Amino acid sequence: MVYAVELCIFIVAAVLTSALFAYLLFAPVVKRSLCKRRTIQMYYKKIYKIALDNDFYLINSFANKTAEEEEFHIDHILIGEKFIYCIRDRYYEGTIRAKENDPNWIYYSRKYKDGYLIPNPLRMNEIRVQRMSLMSGLSRKLFISVVLVNNECFLSNYEVTSSNNFVVSLKNLPSFIAEKEALPVEPMDPRAIDVAARDIADLNLHGKEN
């Protein structure tokens, strides 16, 4: 009887120890994953609110293919009165050493303290915007490329020289859009905006059978 009790206590202790070890091992990974997921959800909510407050058209999860059948995606297309904002969501939990036109940026995180190279998201989104311009038949000048990042992301030594390709933090997105819409630029014709919105929505293959 005593042996059985001791064996039971040993098994319970072993299970609890294993559970604690697993928690300590995987908790940081799970926490980062949940944080990233919540942040991405916040992107959608923030952009939706901007569209709602300003009566802008919003198309989420745009997908299409090039003539070479290469797929490309734009997370959000926000159609304002003066510009069309092509927004790509990105989440970085560390520091990025970035130069606007470099092909790669250096990303420092907890896991990679010495840093590693990531493709420049600005250049990648610019390619998407150019494709969007060609497919829609709308002037590239109407489009503004936005790489949206979480508020905790820190860009080191980053200088903006472009007039239509930007990295914007989530907290600054509303003021960024307001600033661009306030520029002394002739607004698009409301009928042209309606047509553009319909055309872009028709081009969206997301959720459609190819």
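A: The model is predicted. For burial, a residue counts as buried when its relative accessible area is under 20%. In strand 9, N165, V167 and S169 point one way while F166 and V168 point the other way, and all are buried.

Q: How many of the residues of strand 9 are buried?
A: Strand 9, residues 165–169, has 5 of its 5 residues buried. Over the protein, buried residues make up 36% of the 210 residues.

Q: In which order do the strands of the open sheet stand?
A: Two strands pair if at least two bridges are found between them. Here 5 strands form an open sheet with mixed pairing, in the order 1-2-3-7-9. Strand 1 (57–65) and strand 9 each have a single partner strand, so one side of each lacks a neighbour in the sheet. From one strand to the next, the twist averages 30°.

Q: In which sense does strand 7 pair with strand 9, and over how many bridges?
A: Strand 7, residues 143–149, pairs with strand 9 in the parallel sense over 5 bridges. S169 in strand 9 is the bridge partner of V149. Strand 3 (residues 84–90) also runs parallel to strand 7, and 7 bridges join the two; I87 stands opposite V146 of strand 7.

Q: Which helix lies across these strands?
A: Helix 2, residues 121–136, lies across strand 1, strand 2 (71–79), strand 3, strand 7 and strand 9. Helix 2 runs at about 145° to strand 7.

Technical notes
Residues are numbered from 1 along each chain as its sequence is written. This is a predicted model: local features need pLDDT of at least 70, side-chain atom pairs count only at pLDDT 80 or more; totals for chains, interfaces and linings use all residues. Side-chain values use heavy atoms; hydrogens and water are left out. Buried means under 20% relative accessible area, exposed over 50%, partly exposed in between (1.4 Å probe, protein chains only). Helices (H or I, at least four residues) and strands (E, at least two) are DSSP runs, numbered from the N terminus. Axes are lines fitted to C-alpha atoms, for helices over the stretch in contact, and angles run from 0 to 180 degrees between N-to-C directions. Contact means heavy atoms within 4.5 Å.
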